[in-house]
Amino acid sequence: MIAFEVERDTPEPLTELARRLSRAEDNDRARGMFFLGALDVVRKEAGEAAAARCLAASRERSFVPFFLYPITSFLRLSYSAAGLLAPRLGGFESAMRTMGARSAQDFLSTVVGRSFLALAGGCPRRLVSNLPSGYSTAVSYGERDVAWLGERQGRVSMFRDFMPHSYHEGVLRAALEAIGARDTYIHGRAMGLLDSEYVVSWR
């Protein structure tokens, strides 16, 4: 059994995992690169045996980076990983942010990801505006929307997305930093089980 270190005001992870799993359908899928990245984070922080436990939790045998795999498998893997990493990385939510950041870095290092960065042309605002299309390349589920609150501040809304908001905080920060944004601020909050929103800003 995995022991979770839970931060204040964070729903009990195993209960939250069960609720998210119950809402998933067969065609809700994510790229294999995200599984591989999360396993690599675990491997580096906690060793090969811990990574093997997370792989077993996913109920998959292996992953190909651009193949699509059930989001239920990624939920099981990532929650297992966050439970193992929590004592090492400052808590469950911090572990989720770390895996989210790694997923953005891995995506942006691919041919598709480099094209996504090229479309932004070094402009953080353009990158944020293009986030909905970037996410649709990475996963098969959910909707995202961007509303602008100022020249360098926006609100990213996500609907029917299975990962907790702390995971996407890591994704968004890593994406902005990859394009050279400075003094980034990312604050997410859950708006429902599968809905969340994020205020993002930079200098």
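Predicted model: local features only at pLDDT ≥ 70, side-chain atom pairs only at ≥ 80, totals over all residues.
Local features need pLDDT of at least 70, side-chain atom pairs count only at pLDDT 80 or more, and totals for chains, interfaces and linings use all residues. Residues are numbered from 1 along each chain as its sequence is written, and side-chain values use heavy atoms, with hydrogens and water left out.

Me: How many aromatic pairs does the structure hold?
Reply: Rings of Phe, Tyr and Trp (its six-membered ring) pair if their centres lie within 6.5 Å. By that rule the number of aromatic pairs is 9.

Me: Is the pair of F35 and Y69 stacked, tilted or edge-to-face?
Reply: Planes under 30 degrees apart count as stacked, over 60 as edge-to-face and the rest as tilted. The ring centres of F35 and Y69 are 5.6 Å apart and the planes stand at 65 degrees, so the pair is edge-to-face.

Me: Is F35 buried or exposed?
Reply: Buried means under 20% relative accessible area, exposed over 50%, and partly exposed in between (1.4 Å probe, protein chains only). F35 has a relative accessible area of 0%, so F35 is buried.

Me: How far apart in sequence are the parts that F74 and Y167 tie together?
Reply: F74 and Y167 form an aromatic pair, 6.0 Å centre to centre. Helices are DSSP runs (H or I, at least four residues), numbered from the N terminus. F74 lies in helix 4 and Y167 in helix 9 (residues 165-178), so the parts are apart in sequence by 93 residues.

Me: Within what arc do the buried residues of helix 8 fall?
Reply: The buried residues of helix 8 (residues 131-138) are L131, G134, Y135 and A138. The arc is that of the directions from the helix axis to the C-beta atoms. These residues line one face of the helix, because they fall within an arc of 95 degrees.

Notes
Helix = DSSP H or I, 4+ residues; strand = E, 2+ residues; numbered from the N terminus.
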